[in-house]
Amino acid sequence: MATDTIVAAATPPGTGGVGIVRVSGEDVERIARAMLGSLPEPRTATYRNFRNAAGERVDAGLALYFPAPASFTGESVLELHGHGGPVVISLLVDALIELGARQAEPGEFSKRAFLNDKLDLVQAEAIADLIGSGTAQAARAALRSLSGTFSRAVDGLAEQLVRLRMHVEAAIDFPEEEIDFLSDAALLQRIEDCAAAFETLSADAKQGRVLRDGYQVVIVGRPNAGKSSLLNLLSGQDAAIVTEVAGTTRDVLREQIDVDGLAVELVDTAGLRNDPNRIEAEGIRRAREALANADAALWIQDATGTERGAPKENLPEGVPVTVVHNKIDLTGAKPGLVDGEVYLSAQTGEGIEALRQRIRELAGYDNQGEGAFTARRRHLRALRRARDHFDKGRSALEETRAGELLAEELRLSQHALGEITGTFTADDLLGKIFSEFCIGK
Ligand SMILES: Nc1nc2c(ncn2[C@@H]2O[C@H](COP(=O)(O)OP(=O)(O)OP(=O)(O)O)[C@@H](O)[C@H]2O)c(=O)[nH]1
Ligand SMILES: [Mg+2]
């Protein structure tokens, strides 16, 4: 593939001990000779002067030359390790542009690595996720995605689908024999195995998405139920104002907490009531908006039953709601988790571990998950589509007792899986994915 030569700073803007500039493309050899006087030994750190087109010294430092195809991008790559100041680095980039390179677009190095089969799409995305990870667990999981754990699971399932489809197609190809697919035990077993593999992969990917993006939990309830007290308790700081006046909170308040490695964003909201004043009404509107985007909601209820307001039934559909009975220090109820409902006191802290456990459950988060990898919404959507095709094919088989429809749905399912790793991916999707990377990646 003929490509032009791109250049970008690989280290972040600002000052540091070392600043790295990376060049990749067909012209790297010529540019390296011009800037360094001669081509350095491959993969050997060599101290050189870095000169611009006019022969003036711009900086001096280590040059590293990786001839194609043994490089990150699969093209010839030159890395220049100079001094880490924004002006020096931009002079160096300018000099390389003068010599024939062009400024790289965001994610362009990774995109070339993908196009040259150095990485699949999941791995390329994992680089961005590793760089952006917010907890140590997320970083470890991203590294696993980068090493191919997620890709291998996807490829493994795709292969199972192919074998199942071959089995079906081989049977279809002998029409003289009247075959009843539903009495083919080996075929039914393959279908079961695929269904189980979908189940496992979906659960792992869902956890991977939560590891990457965090989990958003909105606290709702009537005024004075103790929502803000709970936010303060969980976040370990006096973030929200707490008073005995009903209607204290009007704005939406967000706090990041770490639940055993799971990054949770807690959202405190205005108490829901039916006859609010104008400020509260706006607060309630914002509370509902926050709910609509949340992964889960906690409905805080005053266990003493004294708070007045809107009923829980008014909550929007689609967000799982956990009832939390607060103020058990006043009622004497036992702290803990009973039938999916939590009993606690936001004042004394009793029962808080039960709530943390409930949040982990809701998120499908398992801290023991040694094989955990990161995943994105995009992956979950593709997996969902693959699963839908598979299910559709399976019911078609049950209804028609013939294999044609199943074979076609299996093909579509496999195609959807291929979008995850990039085996089948439209150019505009690629453009979108890589444009979200930072420049120099
Ligand atoms: N005894 C007891 N009092 C509590 C508990 N949790 C909250 N309170 C009290 O209940 C009152 C209301 O608490 P907040 O945390 O402000 O309640 P809220 O749900 O945020 O109220 P609004 O923002 O007005 O909707 C305060 O006086 C708290 O001290 C608890 O577990 N036990
Ligand atoms: Mg409040």
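1. This is a predicted model. In the protein, 64% of the contacts with a separation of 6 or more are between residues 24 or more positions apart. Buried residues account for 41% of the 441 residues.

2. On overall form, the secondary structure comes to 14 helices and 13 strands. The radius of gyration is 28 Å, whereas the globule rule gives 22 Å for 441 residues; the protein is therefore more spread out than a compact globule. Along the principal axes, the C-alpha atoms fill a box of roughly 80 × 75 × 40 Å.

3. One open sheet has six strands in the order 3-4-5-2-1-6, and its pairing is mixed. The edges are taken by strand 3 (46-51) and strand 6 (102-103); each has a single partner strand, so one side of each is left without a neighbour in the sheet. Helix 1 (residues 28-36) packs on this sheet, where it touches strand 2 (16-24), strand 3, strand 4 and strand 5 (77-84). The direction of helix 1 makes about 35 degrees with that of strand 5.

4. Within that sheet, which strand pairs with strand 3 over six bridges? The partner is strand 4 (residues 57-66), and the pairing is antiparallel. One of the residue pairs can be named: Arg51 has Arg57, in strand 4, as its bridge partner. As background, strands of a sheet pair through backbone hydrogen bonds, in either the parallel or the antiparallel sense.

5. Another open sheet has seven strands, ordered 8-9-7-10-11-13-12, again with mixed pairing. Strand 8 and strand 12 (336-338) are its edge strands, and each pairs on one side only. Ignoring direction, neighbouring strands of this sheet are turned by 25 degrees against each other on average.

6. Strand 10 (residues 296-302) runs parallel to strand 11 (residues 321-326), with six bridges between them; here Leu298 stands opposite Thr322 of strand 11. Strand 11 in turn pairs with strand 13 (residues 341-343), also in the parallel sense, over two bridges, and Val324 is opposite Val342 in strand 13. Strand 13 and strand 12 pair in the antiparallel sense over three bridges. In that pairing, Gly336 has Tyr343 of strand 13 as its bridge partner.

7. Which helix lies across the strands from strand 7 to strand 13? That is helix 11 (residues 352-363), which lies across strand 7 (215-221), strand 8, strand 9 (262-268), strand 10, strand 11, strand 12 and strand 13. Helix 11 runs at about 50 degrees to strand 12.

8. Ligand 1 is surrounded by 24 residues, of which the closest are Gly226, Ser228, Ser229, Thr249 and Gly271. The shell divides into seven nonpolar, 13 polar and four charged residues. Helix 8 (227-235) and helix 10 (328-331) each supply at least two residues of the shell. Helix 8 gives the most, with three residues.

9. Is Phe434 buried or exposed? Phe434 has 22 other C-beta atoms within 10 Å, and because 20 or more count as buried, Phe434 is buried. Phe434 lies in helix 14 (residues 427-435). Leaving aside neighbours within four places in sequence, Phe434 is in contact with Pro106, Gly107, Glu108, Ser110 and Lys111. Phe434 and Glu125 are 309 residues apart in sequence, yet their C-alpha atoms are 8.2 Å apart in space.

10. Asp258 has 14 other C-beta atoms within 10 Å and is partly exposed. Not counting residues up to four places away in sequence, Asp258 touches Thr135 and Ala263. Between the C-alpha atoms of Asp258 and Leu234 the separation is 9.3 Å, and these residues are 24 apart along the chain.

Technical notes
Residues are numbered from 1 along each chain as its sequence is written. Chains are lettered from A and ligands numbered from 1 in the order in which they are written. This is a predicted model: local features need pLDDT of at least 70, side-chain atom pairs count only at pLDDT 80 or more; totals for chains, interfaces and linings use all residues. Two strands pair if DSSP finds at least two bridges between them. Helices (H or I, at least four residues) and strands (E, at least two) are DSSP runs, numbered from the N terminus. Two residues are in contact if their C-beta atoms, placed from the backbone, lie within 7 Å. Axes are lines fitted to C-alpha atoms, for helices over the stretch in contact, and angles run from 0 to 180 degrees between N-to-C directions. The radius of gyration is taken over C-alpha atoms; the globule rule is 2.2 Å times the number of residues to the power 0.38. A residue is buried if 20 or more other C-beta atoms lie within 10 Å of its own, exposed if 12 or fewer, and partly exposed in between; C-beta atoms are placed from the backbone. A residue is near a molecule or strand if its C-beta atom, placed from the backbone, lies within 6 Å of it. Ala, Val, Leu, Ile, Met, Phe, Trp, Tyr, Cys and Pro count as nonpolar, Asp, Glu, Lys and Arg as charged, and the others, Gly among them, as polar.
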